[in-house]
Amino acid sequence: MKKWMVPVVGATMLVGACGVPAEGGEPGAGDSSGVLLADPWVRSTDGSQRPDMTALFVNITNPTSSDVTLLTADCGDVASVVEVHEMVMMDGEMVMREAEGGVVVPKESHEHLAPGGPHIMLRELTRELPAGGEEISCTLIFDNGQELDVIAPVKEFTEEQDTYHTHEDDE
Ligand SMILES: [Cu+2]
């Protein structure tokens, strides 16, 4: 199976910037290039009420003319269970659940995996993940056959990162 390598090691400051394939993307390359990943990070377990779980976030851009679905991810031995999650409104509350069939990245658009939105859930962590301590290597698997590697630094969650995501129940 083909592998597309996306150099995302150099962390950019473009957290949440829309539609910017930070590095490795060829602007205007169009259809043939497939989906692109930018700004991956993993939430630190520092101060977490549930240090046994965390999530991977990344911006996915789909410049192609077909919808592409993120099916699953492989993050090695850091977590025993890796699931693609979505947020849904239940009884007036946003709750997460496994995204049946994956998360769709619409054609010529993008999907932000971000706090408050869809994410890659890492459950049954095999160790704690202090901020700044390490980088997590994951392979994201899409229904168009792409398997994209990311190297996600472990970072603390900040409100700044959350402001890029709007919820239906925001003021
Ligand atoms: Cu989750």
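Tutor: A nonpolar core is a set of buried Ala, Val, Leu, Ile, Met, Phe, Trp, Tyr and Cys residues joined through C-beta atoms within 7 Å. Buried means that 20 or more other C-beta atoms lie within 10 Å of a residue's own; exposed means 12 or fewer, partly exposed lies in between, and C-beta atoms are placed from the backbone. This is a predicted model, where local features need pLDDT of at least 70, side-chain atom pairs count only at pLDDT 80 or more, and totals for chains, interfaces and linings use all residues. Residues are numbered from 1 along each chain as its sequence is written.

Student: How many residues has the largest nonpolar core?

Tutor: The largest nonpolar core has 34 residues. L37, L56, I120 and L140 have the most contacts inside it.

Student: Which strands supply at least two residues each?

Tutor: β2 (36–43), β3, β4 (68–74), β5, β7, β9 (119–125), β10 (135–142) and β11 (147–155). Strands here are DSSP runs of E, at least two residues, numbered from the N terminus.

Student: Why do such residues group at all?

Tutor: In soluble globular proteins, nonpolar side chains tend to be buried together.

Student: What is L140 in contact with?

Tutor: Leaving aside neighbours within four places in sequence, L140 is in contact with L37, L70, A73, L148 and V150. Contact means C-beta atoms, placed from the backbone, within 7 Å.

Student: Is β2 largely enclosed or open?

Tutor: β2 is largely enclosed by the rest of the structure, because eight of its eight residues are buried.

Student: Which way do β2 and β3 pair?

Tutor: They pair in the antiparallel sense, over five bridges. Two strands pair if DSSP finds at least two bridges between them. L37 stands opposite I60 in β3.

Student: And how does β2 run with β11?

Tutor: Parallel, with two bridges joining them. There R43 stands opposite K155 in β11.

Student: New topic. Where does F57 lie, and is F57 buried or exposed?

Tutor: F57 lies in strand β3, residues 54–62. F57 is buried, because 25 other C-beta atoms lie within 10 Å. P40 is 17 residues from F57 in sequence, yet 5.5 Å away in space, C-alpha to C-alpha.

Student: What about D91's phi?

Tutor: D91 has a positive phi of about 50°, although it is not a glycine. D91 lies in the loop between β5 (79–90) and β6 (93–98). D91 counts as exposed because it has 5 C-beta neighbours inside 10 Å.

Student: And where is E108 found?

Tutor: In the loop between β7 (103–105) and β8 (109–113). Phi of E108 is near 50°, also positive in a residue other than glycine. E108 counts as partly exposed, with 14 C-beta neighbours inside 10 Å.

Definitions and conventions: Helices (H or I, at least four residues) and strands (E, at least two) are DSSP runs, numbered from the N terminus. Two residues are in contact if their C-beta atoms, placed from the backbone, lie within 7 Å.
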